[in-house]
Amino acid sequence: MSLNISQLGKRYGDTIVFSQVSLSVAPGEFVAIVGESGVGKSTLLNCMAGLDSWDEGTVLLNGADLGAMSDDQRALLRRRHVGFVFQAFHVLPHLDVAQNVALPLLLLGQPDDARVQTLLEAVGLGGLGSRLPQQLSGGQLQRVAIARALVHRPGLLLADEPTGNLDPATAARVMDALIAQTREHGAAMVLVTHSVAAAARADRVLHLSADGITD
Ligand SMILES: Nc1ncnc2c1ncn2[C@@H]1O[C@H](COP(=O)(O)OP(=O)(O)OP(=O)(O)O)[C@@H](O)[C@H]1O
Ligand SMILES: [Mg+2]
């Protein structure tokens with residue numbers, strides 16, 4: 001999928017979070033976004049998925065204007081084409097690990113246990129499918145969220161600090177899995193990160209600040 005953002009602006013009342021943000025991500029491209037804490041990286045990523053609203057500008061996914069769609073249309077587009085790794089994981093507590101990862105496939109009516117197992121193994125959680133989230137470490141939970149975001153082969157993967165809770169060696173392995181899974185399907189990836197090592201793997205690194213976004 002392609003992503004085109006033009007002159008995007010977001011504010012809360014009189015407080016401007018960001019303005020004049022323009023960027024394009026081509027199909028298959030991997031772009032990292034870096035910037036200080038509080039500058040609006042998570043907000044921008046949420047706008048890319050139509051999970052948050054904006055005050056100016058446009059967000060196009062494969063040329064379709066997210067701002068012109070109904071909530072239902074945005075939800076359907078997300079379900080089919082977008083994978084999202086939330087900074088706060090949002091793993092469902094009453095489902096076990098494998099059920100959490102399988103959820104996007106169930107919502108599409110395409111259950112596939114082998115695919116779920118492949119993804120669990122790709123993020124190093126092969127033996128933990130029947131555990132409940134409360135029985136996992138923070139870094140393991142983060143990897144459940146990553147497997148869930150990839151399981152339905154999204155055309156666009158949006159990942160907010162996906163390696164923030166991982167040691168350097170595990171982080172490198174998880175980045176390998178993210179890159180392999182997205183490259184395999186020609187998916188575009190936008191990664192928000194404070195990790196220099198993770199950003200170094202991207203095709204392009206963009207810096208978000210209050211004035212906009214720059215290469
Ligand atoms: N509901 C809200 N009302 C007012 N301000 C908000 C609200 N939600 C977020 N903000 C502010 O918007 C700004 C951007 O937040 P965001 O979470 O996008 O930052 P971030 O770049 O992801 O930071 P971090 O690196 O710490 O994750 C912050 O300064 C935050 O305080
Ligand atoms: Mg954030």
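1. Let's start with two helices. The axes of helix α3 (residues 97–107) and helix α5 (residues 138–150) come within 7 Å of each other and cross at roughly 30 degrees. Angles under 35 degrees count as roughly parallel, and α3 and α5 are therefore roughly parallel to each other. The crossing of this pair is right-handed. Please keep in mind as you read on that this is a predicted model.

2. Which residues of α3 and α5 meet? On the α3 side they are Val97, Asn100, Val101, Leu103 and Pro104, and on the α5 side Val144, Ala147 and Arg148. Sorted by class, the contact of α3 with α5 has six nonpolar residues, one polar and one charged.

3. Helix α3 has another neighbour to look at. Its axis and that of helix α4 (residues 113–122) come within 10 Å, and the two cross at roughly 125 degrees.

4. The residues of the contact divide into seven nonpolar, no polar and one charged.

5. Now for the strands. An open sheet of four strands has the order β2-β1-β4-β5, with antiparallel pairing. Which strands lie at the edges? They are β2 (15–25) and β5 (64–65), each of which pairs on one side only.

6. Let's walk across the sheet, pair by pair. Strands β1 and β2 run antiparallel and are joined by seven bridges; in this pair, Leu8 stands opposite Val21 in β2. The hairpin of β1 and β2 has two residues between the strands, and Gly13 takes a positive phi near 60 degrees there.

7. Next comes the pairing of β1 with β4, which is antiparallel and spans five bridges.

8. How many bridges join strand β4 (residues 56–61) to β5? There are two, and these strands run antiparallel. Leu61 has Ala64 in β5 as its bridge partner, while Leu60 stands opposite Asp65 in β5. The hairpin that β4 and β5 form has two residues between the strands, and Asn62 in its turn has a positive phi of about 50 degrees.

9. A helix also lies against this sheet. Helix α1 (residues 41–48) lies across β1 (3–12), β2 and β4, and runs at about 125 degrees to β1.

10. Finally, have a look at ligand 1. Around it you will find Tyr12, Val17, Gly35, Ser37, Gly38, Val39, Gly40, Lys41, Ser42, Thr43 and Gln87. Which helix gives the largest share of this shell? It is α1, with three residues. By class, the shell around ligand 1 has three nonpolar, seven polar and one charged residues.

Definitions and conventions: Residues are numbered from 1 along each chain as its sequence is written. Chains are lettered from A and ligands numbered from 1 in the order in which they are written. This is a predicted model: local features need pLDDT of at least 70, side-chain atom pairs count only at pLDDT 80 or more; totals for chains, interfaces and linings use all residues. Axes are lines fitted to C-alpha atoms, for helices over the stretch in contact, and angles run from 0 to 180 degrees between N-to-C directions. Ala, Val, Leu, Ile, Met, Phe, Trp, Tyr, Cys and Pro count as nonpolar, Asp, Glu, Lys and Arg as charged, and the others, Gly among them, as polar. A residue is near a molecule or strand if its C-beta atom, placed from the backbone, lies within 6 Å of it. Two strands pair if DSSP finds at least two bridges between them. Two residues are in contact if their C-beta atoms, placed from the backbone, lie within 7 Å. Angles under 35 degrees count as roughly parallel, over 145 as roughly antiparallel, 65 to 115 as roughly perpendicular and the rest as oblique. A crossing is left-handed if the near helix is turned anticlockwise from the far one by less than a right angle, and right-handed if clockwise.
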